[in-house]
Amino acid sequence: RGHSITGIRFGFLQWPKCPLEEKYGYFDVIFQSTVGLTGLALCLILGTVAWTGRVAFRKKCFDIFWYFHNVCIYSWPVVMFIHGSNGWLGVGFPLVILAAGLPILLYSIDRLARTTR
């Protein structure tokens, strides 16, 4: 079972399959499932974005701040998509498409327009 968005199936991203057929422990869910691993990755990305976004760090290492934030603008939604593709909430598709799709599209258009100037 996978989600279909324009005919593309994302069942390969689901581990364990939803709904859960057997009882898993906390360790199994956090460290041995797609949702757990991507959740940890999201927390790591968010923590690093916050750490590099501090005023003291920006003044000291602006290039690292700038590059990392620009990489995260695109990597965050990809990891969120994988995180939500398991369908544990039962919505039918990852909500990151609705939440982040338009802002990322507008940012990408702006970056492209700046590059072509």
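The side chain of threonine 52 reaches back to the backbone oxygen of valine 49 at 3.3 Å. This is a polar contact, meaning a pair of N or O atoms within 3.5 Å, in which, within protein, one atom must be able to donate a hydrogen and the other to accept it, and residues adjacent in sequence count only if both atoms are side-chain atoms. Threonine 52 belongs to helix H2; helices here are DSSP runs of H or I with at least four residues, strands are runs of E with at least two, and both are numbered from the N terminus. With 2% relative accessibility, threonine 52 is buried, a label for residues under 20% relative accessible area, while exposed stands for over 50% and partly exposed for values in between (1.4 Å probe, protein chains only).

The model is a predicted one, in which local features need pLDDT of at least 70 and side-chain atom pairs count only at pLDDT 80 or more, whereas totals for chains, interfaces and linings use all residues. Residues are numbered from 1 along each chain as its sequence is written, and side-chain values use heavy atoms, with hydrogens and water left out.

As for the overall layout, five helices and two strands make up the secondary structure of the protein. Read from the N terminus, the order of these elements is β-β-α-α-α-α-α. Of the 117 residues, 26% count as buried.

A pair of aromatic rings is described by the distance of the centres and the angle of the planes. Rings of Phe, Tyr and Trp (its six-membered ring) are taken to pair if their centres lie within 6.5 Å, and the pair is stacked with planes under 30 degrees apart, edge-to-face over 60 and tilted for the rest. By this rule, four aromatic pairs are counted. Among them, tryptophan 66 and tyrosine 67 have ring centres 5.1 Å apart and planes at 85 degrees, so this pair is edge-to-face. Tryptophan 66 is partly exposed at a relative accessible area of 33%, whereas tyrosine 67 is exposed at 53%.

Another aromatic pair, tyrosine 74 with tyrosine 107, is tilted, with 6.3 Å from centre to centre and 50 degrees between the planes. This pair connects distant parts of the chain, since tyrosine 74 sits in helix H4 (residues 62-84) and tyrosine 107 in helix H5 (residues 96-116), 33 residues apart. Asparagine 70 is a residue of helix H4 and is buried, with a relative accessible area of 16%.

Charged side chains come next. Arginine 58 lies over the face of phenylalanine 65, 5.6 Å from the ring centre; the criterion is NZ of Lys or CZ of Arg within 6 Å of the ring centre and within 35 degrees of the ring normal. Side chains of opposite charge can pair when their charged atoms come close. One salt bridge is found in a search of the whole structure, the term meaning a side-chain nitrogen of Lys or Arg within 4 Å of a carboxyl oxygen of Asp or Glu. Aspartate 110 and arginine 114 form a salt bridge with an N to O distance of 3.2 Å. These two residues are four apart in helix H5, and therefore about one helical turn separates them. Aspartate 110 is partly exposed at 31% relative accessibility, as is arginine 114 at 46%.

Finally, a nonpolar surface patch is formed by Tyr26, Phe27, Ile30, Phe31, Leu37 and Leu40, with about 660 Å² of accessible area together. Such patches consist of residues with over 30% relative accessible area and no salt bridge, where nonpolar side chains (Val, Leu, Ile, Met, Phe, Trp, Tyr) are joined within 5 Å and like charges within 9 Å. Areas follow the Shrake-Rupley method with a 1.4 Å probe, and for residues only the protein chains shown count as cover. Helix H1 (26-31) and helix H2 (34-52) each supply at least two residues of the patch, and H1 gives the largest share, four residues. Tyrosine 26, located in H1, is exposed at 74% relative accessibility.
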